[in-house]
Amino acid sequence: MSGDSFGKLFKVNNWGESHGKAIGVVVEGCPAGLELSETDIQPFLDKRRPGQSAITTRRDEKDQVKILSGTVDGITTGTPISLMIENQDQKSKDYSEMAKIFRPSHADFTYQKKYGIRDVAGGGRSSARITAGHVAAGAIAQKILAKALGTDIVGYVKSVNDLVLAMPSEQVDVSLIEQTAVRCPDLALAEKMIKRIEAARKNGDSLGGVVECRINSVPIGLGEPVFDKLEADLAKAMLAINASKGFEIGSGFAGTLETGTSHNDIFINQDGKVKTKTNSSGGTLGGISNGMPIVFRVAFKPTPTIIKEQATVNLAGDETVFHGRGRHDPCVLPRAVPIVEAMAALVLCDHFLRFRAYKGLFDIN
Ligand SMILES: Cc1cc2nc3c(=O)[nH]c(=O)nc-3n(C[C@H](O)[C@H](O)[C@H](O)COP(=O)(O)O)c2cc1C
């Protein structure tokens, strides 16, 4: 009943709170025989960790992952893989004031009303800190997909506020993504984004934007209509990420401005391989991958905690004032990139294993 697990065959169970002893995931369904050590997972966590640049939160967490189970001599055994990240930078400050009020646009209000109790320190389970578990599990999924299918998943920042990367995903030079702290593959635009985020931070304010993700080398056939369509599961995965507010695949909302004539993806036969000339559909048809790259976008709102006074209400419902303080991301976009990639990997890996289950049946006789 609880919403702490994700996936059907490649299943992730997420646990922990922001300022508890540790956070982590238990991954069920990882096939036996995969080489796996902490060094396969740590680089992904380093891309998500706080304190990585001047435009992210200055909280300094190293996010060192430990594999507690599911491997022998660095090889997966087909049993549950437990991954743990100890929390280090939890400041034992006084949360009594925070406990009495609701931060605007954060999860305090709904957690309090739903459960009647909430872990106030660092936002407890509603904190984006728990997405470190998504990224750790996603690293395993990405390894399986790369090894079995050659699939590669690349996310980058498409926009920050009204600064938008105009280039289509097939033209992106992926080698540029990690060259700037903002993870936008246009270096001149990235500089502008960084300046905009720095200015927002100086004003005690925050900004939102869009992450785009392109997945190459996806076989035809992943996705289970009608309710577990590939794009439906991707949408769920993306909207489960903290602060996400929108999902679109392929032409998305802009496609509504086209006609069928320009929007339809025409089939062609290129050297014996059926493809489509364009990719308005974003890599799925009828909820099943069609062999074209999967391209989707995720919108993130401006970080809710801003370093300003804002009107709010207290536990009793009386109007009061909230003084935002502490070390917050002025824009979640750069750190959201590896989370988007990880969630995409979890969806694809789960669907790949489900596809293989059917394939196995068909192969008998
Ligand atoms: C990578 C990342 C970092 C975040 N950092 C912060 C932060 O420093 N401060 C904050 O108030 N919210 C931050 N958030 C957003 C909150 O976690 C989120 O807005 C909150 O849990 C409420 O959930 P909702 O926005 O999905 O409704 C971050 C989100 C992400 C994805």
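**Note on the predicted structure**

1. Val226 lies in the loop between β10 and α6 (230-239); helices (H or I, at least four residues) and strands (E, at least two) are DSSP runs, numbered from the N terminus. A cis peptide bond, with omega of about 5°, joins Pro225 and Val226. Most residues other than glycine have a negative phi, and most peptide bonds are trans.

2. The model is predicted, so that local features need pLDDT of at least 70 and side-chain atom pairs count only at pLDDT 80 or more, while totals for chains, interfaces and linings use all residues. Residues are numbered from 1 along each chain as its sequence is written, and side-chain values use heavy atoms, with hydrogens and water left out.

3. Asp63 has a phi near 50°, a positive value in a residue other than glycine. Asp63 belongs to the loop between α1 and β4 (65-67).

4. The axes of helix α1 (residues 38-48) and helix α4 (residues 131-149) come within 9 Å and cross at roughly 135°; axes are lines fitted to C-alpha atoms, for helices over the stretch in contact, and angles run from 0 to 180 degrees between N-to-C directions. The two helices are therefore oblique (angles under 35 degrees count as roughly parallel, over 145 as roughly antiparallel, 65 to 115 as roughly perpendicular and the rest as oblique).

5. Which residues of α1 meet α4? They are Asp40, Ile41, Phe44, Leu45 and Arg48, and their partners in α4 include Val135, Ala139 and Lys143 (contact means heavy atoms within 4.5 Å).

6. Of its 26 lining residues, the closest to the centre are Arg214, Thr278, Asn279, Met292 and Pro293. Strand β13 gives the most to this lining, with four residues. The lining divides into seven nonpolar, ten polar and nine charged residues.

Technical notes. 1 Å grid on protein atoms, 1.4 Å probe; cavity = no way out; pocket = protein on both sides within 12 Å on 5 of 7 lines; lining within 4 Å. Nonpolar A, V, L, I, M, F, W, Y, C, P; charged D, E, K, R; others polar.
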